[in-house]
Structure formats: C-alpha cells, structure tokens
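The following exercises concern the structure shown below.

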Amino acid sequence: MALTIDDRIAITDLINLHGHLTDRGDFDGLAALFAADVTYDVSALGGGVLAGLAAIREAALTLADRNPVAHHVTNIVLRETADGQVHALSKGLGIMADGSVGSVTYEDTVERTAAGWRVTHRIVRPRRTPLRE
C-alpha cells in the first residue's frame, strides 16, 4: 500500500518531534517517537548500540553537559519499502552550549504500530569531513 499524504505528514511530524522532546528532557515523551524496543545506533559517535527507551534516557543523562542544547532536524526524505516499512533519511544539527555546531545524518526505519507510526531503528552518522573533489 502506498504512503498517503496523511502518512507522510505523520512520519515527518514524528521525526521533527525528536528535537523538542530531547531538548526539554522529556524522556517519557520519547515513547511517542520510538518503539519501546527501538535500536538506537550511536556507535559512530562512540556510544554503541542502545536497546530500548531506558537505554536512550541513560545515555543522554550520562552525557550531561556534553549534550547539545538544541537538536534540529531537516531534509527529511521518506521511502516506503515493499514490506510496508518506511526508510527515513534526515539531517540533524546539534548546537552546543559554546555555540559550536555538529552535523549528523539520521537513518530511520519507521513502522506502523498499534500506537501509530514509530521509529524502530535509528542509525546516527556524524558528518565531519567536508565534501572534496
């Protein structure tokens, strides 16, 4: 079944919700974004592969002042797969307390659940090298 406009809006809103929840420390609210058993892969950032919402919360609290003060998501591209999942590719910008900025790419698998669309798998890849010829 093809994604409807309503599905696309719901999934885009879902991905945009990440920064709002994270920046205000609303870890309970992450259940509106991620499946309870989400796999959250931050190994490219040195954080390993996190399993579940509690692990995401613990990792964020462990980072403490090393967390960005603002997360911004942009450039969301959705692609439906044959099995009904959606692969979402987006860019993230993290603003640190000192004003420095980091860039990442989010690679998400989004699935329709009984509670609505949820991210079931996320890979976070930092962008650290400028484009060169």
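**Exercise 1: A threonine and its surroundings**

The side chains of T105 and K91 form a polar contact at 3.3 Å, a polar contact being a pair of N or O atoms within 3.5 Å, where within protein one must be able to donate a hydrogen and the other to accept it, and residues adjacent in sequence count only if both atoms are side-chain atoms. The model is predicted: local features need pLDDT of at least 70, side-chain atom pairs count only at pLDDT 80 or more, and totals for chains, interfaces and linings use all residues. Residues are numbered from 1 along each chain as its sequence is written, and side-chain values use heavy atoms, with hydrogens and water left out.

*Task.* In which strand does T105 lie, and is T105 buried or exposed?

*Solution.* 
1. T105 belongs to strand β5, residues 101-113; strands (E, at least two residues) and helices (H or I, at least four) are DSSP runs numbered from the N terminus.
2. The relative accessible area of T105 is 16%. Buried means under 20%, exposed over 50% and partly exposed in between, with a 1.4 Å probe and protein chains only, so T105 is buried.
3. Beyond residues up to four places away in sequence, T105 touches L89, S90, K91, I123, V124 and R125, contact meaning heavy atoms within 4.5 Å.

**Exercise 2: A leucine before the helix**

*Task.* Where does L3 lie, and which residues is L3 in contact with, leaving aside neighbours within four places in sequence?

*Solution.* 
1. L3 is found in the segment that precedes α1 (5-23).
2. With a relative accessibility of 14%, L3 counts as buried.
3. The contacts of L3, apart from neighbours within four places, are R8, I11, E80, V86 and W117.
4. Between L3 and G84 there are 8.8 Å, C-alpha to C-alpha, although they are 81 residues apart in sequence.

**Exercise 3: The fold as a whole**

*Task.* What pattern does the protein follow along the sequence, and what is its radius of gyration?

*Solution.* 
1. The protein has two helices and six strands, arranged as α-β-β-α-β-β-β-β.
2. The radius of gyration is 15 Å, close to the 14 Å that the globule rule gives for 133 residues, so the protein is as compact as a globular protein of that length. The radius is taken over C-alpha atoms, and the rule is 2.2 Å times the number of residues to the power 0.38.
3. Of the 133 residues, 35% are buried.
4. Among contacts with a separation of 6 or more, 43% join residues 24 or more positions apart.
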